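Subject: Structure for your files, with notes on salt bridges

Dear colleague,

Please find the structure below. My notes on its charged side-chain pairs follow.

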Amino acid sequence: MPEPLRALALKHSELLKFAVVGGTTFLVDNAVFYGLKLTVLEPKPVTAKIIAVLVATIVSYVLNREWSFRTRGGRERRHEAALFFLVSGIGLVLSSAPLWISRYVFLLETPEVSLATQEIADFVSAQLVGTLVAMIFRFWAFRKWVFPDEKTPSRRLRLVSSRDSTDEAA
C-alpha cells in the first residue's frame, strides 16, 4: 500500500475496522431480513427488520469488542454489553424508522404501489437509509460511551501524580 494511504489507514484503523464489521453485519442483516420477509414474516416487514437487526447486533458486539475496539474499554463486560445493546436499541429504532415511514406514512406498499416499487422502497428505506443513519450514530456512541478511550483516565492519573510530586518538591 502506498505510504500516504498506509498512514491514512493507520490513522483511521478503528473506523476502517468498524466499517468492515458494518459490512459484515449488513450482509447478516440483509440475509435475515429477506429470509424472514420473503417467507414466514411476509406480511410483517417491520418485524422481520427488527429481528434481522437484533441478530446482526449480536454479531456486531462480538466483532467490535474483539476486533474494532479491542484496545478500548476498561469497563466490566456486563456493563459494556449493556451499554452496547442500549446504544444498539436506539440504532434499531433509527434503522427501522425509515422503513416504517416508507410503508405506513408514504404508503409504499401493495396494493397502493406495484410489488416492484414496494420492494425497491423497502430496500432503500430499510437497508440503505436506515442502516446509514444507524451506523453513524452507533460509531459515535460506541466510541463515546461503550468503548471509551482507556488512555484518557491514565493520563489524568499521571497528571495528578505529577502535580503531587511537583508540590512535594516545592
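Asp 29 and Lys 49 form a salt bridge through their side chains, with N to O at 2.7 Å. Asp 29 belongs to helix α2 and Lys 49 to helix α3 (residues 45–68), so this pair ties together parts that are 20 residues apart in sequence. Both residues, Asp 29 and Lys 49, are buried. Please keep in mind that this is a predicted model.

In total, the structure holds 11 salt bridges. Another of them pairs the side chains of Arg 143 and Glu 14, at 2.5 Å from N to O. Here Arg 143 sits in helix α5 (residues 115–146) and Glu 14 in helix α2 (residues 13–37), so the parts tied together are 129 residues apart in sequence. Arg 143 is partly exposed, at 33% relative accessibility, whereas Glu 14 is buried, at 14%.

A further salt bridge joins Arg 77 and Glu 80, whose closest N and O atoms are 3.9 Å apart; the cut-off is within 4 Å, so the pair counts. Both residues lie in helix α4 (residues 77–105), three residues apart, which is about one turn of the helix. Arg 77 has a relative accessible area of 47% and is partly exposed. Glu 80, at 1% relative accessibility, is buried.

Regards

Conventions: Residues are numbered from 1 along each chain as its sequence is written. This is a predicted model: local features need pLDDT of at least 70, side-chain atom pairs count only at pLDDT 80 or more; totals for chains, interfaces and linings use all residues. Side-chain values use heavy atoms; hydrogens and water are left out. Helices (H or I, at least four residues) and strands (E, at least two) are DSSP runs, numbered from the N terminus. Buried means under 20% relative accessible area, exposed over 50%, partly exposed in between (1.4 Å probe, protein chains only).
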